[in-house]
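Work through the exercises below with the structure open beside you. Try each task before reading its solution.

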Amino acid sequence: MIADDIVTGAAGASGSPAAPRSPRPYLDASNPTLLPESSSLEMPDQDFSARPAREWAKRRGSSIPRTAVFLGAALMTAAFAHELYGVLAFVQMTPIQFLFLVLSTLTFAWISVGTLSAALGFLPLFAGENADTIAIPDADGPLEGRTALLFPVYHEDPASISGTISAIVEELVSLGKADSFDIYILSDTRGAEAGIAEEAAYAELAKAQVSLCKIYYRRRIENTGRKAGNIKDWVERFGGAYETFVILDGDSVMSGVALVRLARAMEADPSAGLIQTVPKLIGGRTLLQKLMQFAANVYGPAAAAGMAFWSKDQGNYWGHNAIIRTHAFASAAGLPHLPGPPPFGGHILSHDFVEAMLLQRVGWGVHMAPSIEGSYESMPPALTDLIVRDRRWSQGNLQHLGLMGRRGVPAMGRVHLFMGALAYIVSAIWAASLVVGLVLALQGQQLLPSYFTDAKTLFPIWPVIDPGAAMRLFLATMAVVLLPKALGLALELKRAQQARELFGMPRAVAGVVTETFYSMLFAPIMMMTQTASVMQVFLGLDSGWKAQRRDGAGMELRDAMQFHWQHMLVGVIVTIVCWETSPGLLVWMAPVVLGLVLSGPINWLTSQNAGPAMSVILSTPVDRSPSSIEIRARRHTQNWRERLSPPASPVEPQRELATAA
């Protein structure tokens, strides 16, 4: 059958006649025999202004961790604002000084929330406890229900996906649990040529694994709703046959043990609607990937544990590497089409945050399980790819601002939605504070001080800035910024000592120093790109939906310079302004201008494969001792790449021999 023929209705299992039609027609571009019989489940769109009946009683967990984070951040921010006010208002605060005070305080408030959250997560981890918000059983017990593993793909490499699936199946078979899992490859790939090649590859995969695990494939003609619409299509057509499902992205993989433990946890707690794991970053080859992997593996545990600690069972969802209760998702998390055009209207882009909120509001537990091992994903290979992905995420998160005021959004849902949007808005606030700070510096150089106020006085007022207060403010700010890294280093040093790793402690220190240096250079670049993203979203520019580049290295320097020419130009202008104003000001602004001036070369350098020295310094435990699922996935991916590659022309060897002769 031609892959791009329009097929209406659900279809039969692989190798069997087409199944009866679904209650409503579906249009697929793929062969219907690659699908099982339909098992429909209604998934109605939800009303954000309504307050639906709760499935479970209202949860009243301890509010102490939540209070500790947000009240503590408020107190720290108030102290910062008071100290900054004392530095600025040495005579009488001007409007521009007040604006600088407000912008700087907002930026500090955001940093302090993240820092206190990480500090809260550090405490149980350092004491040897886990931060899971739900009990996670081991993988030895039986499974009563069925779980679907969903791979939503959009122009992904079939060899890579096939390798990942083969590795997962192999692990499930070794555990004797493969019969409890089915696998669905849900494609939104566009174009007949790409679709035909993709379907042939996955049909071969299903045939190769037919005796071990059932693998199904479907490609939609219309990718309505993007990824969220892809999942909804599966829920409505096949979700009725499964108690739970797990979503894996094109760059993620989960071990058989992790999958079985998640399924058993859902069976043990009928009120759990979703359990989110904390994926470790693996598989990086470029310097950027190594830096991101190191940061996620060293600083990530405390941050994730802190979020779990104060979120409790009202946590968040990151769109993949999580298990979801099917009937809870279908009944509570249907996403409506927002009124108006993109970027604020249309389909909901960052659907995961919203789906978690919808589950919470009817009482389903949304849990985090940071202690589960065997959950992995990878990072884009270059800064350019990271920025392109970040642009789409920023639009999705800012879209949530329109939902926060709806009557049916619960309090914790509002917190998560607001924090997601603020993660991008704060970059614009930081950028604005730097601009206002430069204006203040220029103003201080150009304007003559006024020694007498409008009120009558016999003595002049001398404008004297307290250097001690300014230094205290600077040191306190740096302490708050760097504390999460220090806490992560403490956990890594403890782990290295317990593992008796040779050179583990000096390697950890060198890794943190290296990562901190590069993160300082990345920060102003991401500030500029995220500020631009926020402005584009508010101007009504849509990000679109582009396929992600998962692999590759060696970005051309010319391409990097062309991509960053505006950032470099801004950096040069700011450098000149600072130097002309005061060489001391340039020293203070050096971390910002250095990253901007060198943004092109930095992108180029970090897109190259990491050298031996950096690979050692930035290595993580998973790098030094890869997990069995990662090893299996690499092996199977290579096998499928060879299997799916077209055969070499018989003429080529003769040509090579002739050339050699």
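The count of salt bridges comes to 21 in this predicted model. The exercises take up some of them.

**Exercise 1.** Find the distance between the side chains of arginine 220 and aspartate 188, and decide whether the pair is a salt bridge.

Solution. 
Step 1. The rule asks for a side-chain nitrogen of Lys or Arg within 4 Å of a carboxyl oxygen of Asp or Glu.
Step 2. From N to O, arginine 220 and aspartate 188 are 2.8 Å apart, and their side chains meet in a salt bridge.
Step 3. Arginine 220 sits in the loop between β5 (214-219) and α5 (226-238), and aspartate 188 in the loop between β4 (181-187) and α4 (192-208), so the pair ties together parts that are 32 residues apart in sequence.
Step 4. Both arginine 220 and aspartate 188 are buried.

**Exercise 2.** Which parts of the chain does the pair of arginine 643 and glutamate 204 link? Classify each residue as buried, partly exposed or exposed.

Solution. 
Step 1. The two side chains, of arginine 643 and glutamate 204, form a salt bridge at 2.7 Å, N to O.
Step 2. Arginine 643 belongs to helix α21 (residues 628-644) and glutamate 204 to helix α4; the pair links distant parts of the chain, 439 residues apart.
Step 3. Buried means under 20% relative accessible area and exposed means over 50%, with partly exposed in between.
Step 4. Arginine 643 has 45% relative accessibility, so it counts as partly exposed. Glutamate 204 has 28%, so it too counts as partly exposed.

**Exercise 3.** Locate glutamate 501 and arginine 624, and name the network of salt bridges that includes them.

Solution. 
Step 1. A salt bridge joins the side chains of glutamate 501 and arginine 624, with 3.3 Å from N to O.
Step 2. Glutamate 501 is in the loop between α13 (467-498) and α14 (504-538), whereas arginine 624 is in helix α20 (residues 621-624); these distant parts of the chain are 123 residues apart.
Step 3. Glutamate 501 is partly exposed because its relative accessibility is 24%. Arginine 624, at 31%, is partly exposed as well.
Step 4. The network of salt bridges links Glu492, Arg495, Glu501, Arg507 and Arg624.

Methods
Residues numbered from 1 in each chain as written. Predicted model: local features only at pLDDT ≥ 70, side-chain atom pairs only at ≥ 80, totals over all residues. Heavy atoms only, no water. Helix = DSSP H or I, 4+ residues; strand = E, 2+ residues; numbered from the N terminus. Buried < 20%, exposed > 50% of the residue type's maximum accessible area, 1.4 Å probe, protein only.
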